[in-house]
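Hi there,

Here is the structure I promised to pass on.

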Amino acid sequence: MTEAAIPVLTIDGPSGSGKGTISRAVAARLGWHYLDSGALYRAVGVAAGWADLDLDDAGALVRCAFDTDIGFRDSADGEPRVLVNGHDATDELRTETAGAAASAIAAIPEVRSALKERQRVFRQPPGLVADGRDMGTVIFPDAAIKVFLTASAEERAERRYKQLKDKGVSVTLDGLLREILARDARDASRAVAPLRPAEDAVRIDTTGQGIDVVVERVLALVPGRAA
Ligand code: C5P
């Protein structure tokens, strides 16, 4: 199978729009591979933190993006574990600190280039579900199916709050809403690969919608799977 023949379904959207949960569920239902591109940016952010790098030192961050070893390992709960330089950093990756560091380094064009090929290698038979901000616009512009998920900022903050609370992380709803709005603004306004729907993306607003309903709506877009 040539690379172009391997189907890709991209799911982009802002943080808390449900991308991760929906993408993993869709990938599992289709039996396709799954790329959590945000984890790559978070992994570089965490590795930069471990190395005490300055988030303003673009050169050092670009080297870090090239040098950091990032691996994924399946786990029993269906949420893959992420290994950064051989250490299981899954829990650290989920923190808002890692998210903010990822968003800061993701604005550096050379960091994005450094991670480009690392994302494209996930395109393997029988298919790939790719979750991120620029999957449909930059990384897999030829994807056959593109989805852009949205939800109100308030609902996204609440989802994140519940997720983090379940994991025992102490946060406030107000603080999360502020961080989400700041991250949205930074992701949408950066010069390189800003967060925006691909022209051929199907937009799905997940505000007030259950996971199962959204998963079915996405699956209905896959040829041969329409309900
Ligand atoms: O999706 P997640 O919240 O894990 O992503 C963390 C950050 O990484 C985002 O806020 C964004 O700045 C950056 N990112 C990106 N492009 C992607 C995925 C994530 O710029 N494809």
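The cover over the buried residues of H9 includes helix H2 (37–50), helix H5 (96–105) and helix H8 (153–166); contact here means heavy atoms within 4.5 Å, and buried means under 20% relative accessible area, with exposed over 50% and partly exposed in between (1.4 Å probe, protein chains only). Helices are DSSP runs (H or I, at least four residues), numbered from the N terminus.

Before I go on: this is a predicted model, where local features need pLDDT of at least 70 and side-chain atom pairs count only at pLDDT 80 or more, while totals for chains, interfaces and linings use all residues. Residues are numbered from 1 along each chain as its sequence is written, and side-chain values use heavy atoms, with hydrogens and water left out.

Back to H9. The buried residues in this helix are Gly175, Leu176, Ile180, Arg183, Asp184 and Asp187. H9 itself runs over residues 173–189, 17 residues in all, and reaches 24 Å from first C-alpha to last. That is close to the expected 24 Å at 1.5 Å a residue, where the expected span is 1.5 Å times one less than the number of residues.

Two of the covering helices, H2 and H5, also pack against each other, at an angle of about 100 degrees with their axes 8 Å apart. Axes are lines fitted to C-alpha atoms, for helices over the stretch in contact, and angles run from 0 to 180 degrees between N-to-C directions. H2 and H5 are therefore roughly perpendicular (65 to 115 degrees; under 35 is roughly parallel, over 145 roughly antiparallel, the rest oblique). Tyr41, Arg42, Val44, Gly45 and Val46 of H2 meet Ala98, Gly99, Ala101, Ala102 and Ile105 of H5. By class, that contact has 7 nonpolar, 2 polar and 1 charged residues (Ala, Val, Leu, Ile, Met, Phe, Trp, Tyr, Cys and Pro are nonpolar, Asp, Glu, Lys and Arg charged, and the others, Gly among them, polar).

And how do H3 and H6 cross? Their axes come within 8 Å, at roughly 5 degrees, which makes H3 roughly parallel to H6.

Best wishes
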